[in-house]
Amino acid sequence: MGHSTTATGSPAAAAEPATGVAPRTAGHSKKTRQAPKGASSAGSRTSGSGHAERVFLVQTAFAELGGSAHGPGEIAEFTGLDDSVVYRILQSGIYQRIFERVDRGLYRLRTSAAQLAFTALDHRIDGEISQTVLRELRTATDSGLAFLYMVAPFSGAQRQCVDMAVGDSDLAELGMTPRDVLSVTRSLRTGASGRTILAYLPEVLQQRVLAEPVPDQAGPGVFRDNAALLDSLAEVRDLGYALGYEECMAGWNSCAAPIMWDGSIMGAVLLLKLKSVMPVAPEGVIEATKEAAAELSRYGAARPAADQA
């Protein structure tokens, strides 16, 4: 059997990921400039529809273009804004500690921008909620091992295990050392949960992961061919889940589904079982894993109660 199998269904919030656009050379005429992919609302409005919108377009350009730094001309071409408008926004952003100049004519987002993300995530999910969901998944899958992986906070192209429900099991029983946890399971190239997260990341981050080597400790079922890996990502987006067959370690199969908050991938729920017990994931395991991920997605998207606002 191949690395993954398919079935019908997809999570309600699992939209196609925003696709990165390769940097273009500045200096093209205004007629050749295009709005960023994924910003459909920008394409239907003029570039002068409001200062706030133009600021947000410039901020989005840094995320969509990828790379370490960009010039005003490149950002202008990507957003469809005038070079002079982009330049003024960048200068104002330096004063407001949103952007920083790293070289003559090149700018990047300041690390303080990450503080906004941490603040936005502060209210989302606490440990009691995730533990309840994972334990319910474990029960629903006849004592499967349930894990919660989230995008690593200091890297947009890695994952981190933040919670688990494994009963009396431990990593040693899984044949996994602490070193394996830091190498194999952090890579988005390996495992159903890694590929699930990777499937919904922007193209610029996907390409970064594809350029990484396969971890030496990966299992025999890991995807080593990038073309096959990309095909598997399209399958994940189509179906809303991934099945892994001995990808991270020999003898263990898995099922994973995405956690989406406000249309962005935040992590994945992973269900792990011995190959001898689960040679192929049954429909019940797939549905239980998808429901666990959907529940955590709902909690993450929930708004504070009126009396807490």
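How many helices and strands does the secondary structure of the chain come to?

**Figure 1. The whole chain, shown as a predicted model.** The secondary structure comes to eleven helices and seven strands. The chain has 309 residues, and 45% of them count as buried. Its accessible surface is about 15,400 Å². Carbon and sulfur atoms hold 53% of that surface. Among the contacts in the chain with a separation of 6 or more, 67% are between residues 24 or more positions apart.

**Figure 2. The open sheet of five strands.** The order of the strands is β4-β3-β7-β6-β5, and the pairing is antiparallel. Strands of a sheet pair through backbone hydrogen bonds, in either a parallel or an antiparallel way. The edges are formed by β4 (159-165) and β5 (242-245). Each of these two has a single partner strand, so one side of each is left without a neighbour in the sheet. On average, neighbouring strands of the sheet are turned by 25° against each other, with direction ignored.

**Figure 3. The pairing of β5 with β6.** Strand β6 covers residues 252-261. The two strands pair in the antiparallel sense over four bridges. Within this view, G244 stands opposite S254 in β6.

**Figure 4. Helix α8 against the sheet.** Helix α8 lies across β3 (145-151), β4, β5, β6 and β7 (264-274). Is helix α8 (residues 191-199) largely enclosed by the rest of the structure, or left open? Nine of its nine residues are buried, so α8 is largely enclosed by the rest of the structure. A residue counts as buried when its relative accessible area is under 20%. The buried residues of α8 begin with G191, A192 and S193, continue with G194, R195 and T196, and end with I197, L198 and A199.

**Figure 5. The crossing of helices α2 and α3.** Helix α2 covers residues 51-65 and helix α3 covers residues 72-79. Their axes come within 10 Å and cross at roughly 100°. At that angle, α2 is roughly perpendicular to α3. Which residues of the two helices meet? From α2 they are L57, V58, A61, F62, E64 and L65. From α3 they are E74, I75, F78 and T79. Sorted by class, the contact of α2 with α3 has seven nonpolar, one polar and two charged residues.

Conventions:
Residues numbered from 1 in each chain as written. Predicted model: local features only at pLDDT ≥ 70, side-chain atom pairs only at ≥ 80, totals over all residues. Heavy atoms only, no water. Buried < 20%, exposed > 50% of the residue type's maximum accessible area, 1.4 Å probe, protein only. Axes fitted to C-alpha atoms, helices over the stretch in contact; angles between N-to-C directions. Parallel < 35°, antiparallel > 145°, perpendicular 65-115°, else oblique. Contact = heavy atoms within 4.5 Å. Nonpolar A, V, L, I, M, F, W, Y, C, P; charged D, E, K, R; others polar. Areas by Shrake-Rupley, 256 points an atom, 1.4 Å probe, with all protein chains shown as cover. Pairing = 2+ DSSP bridges.
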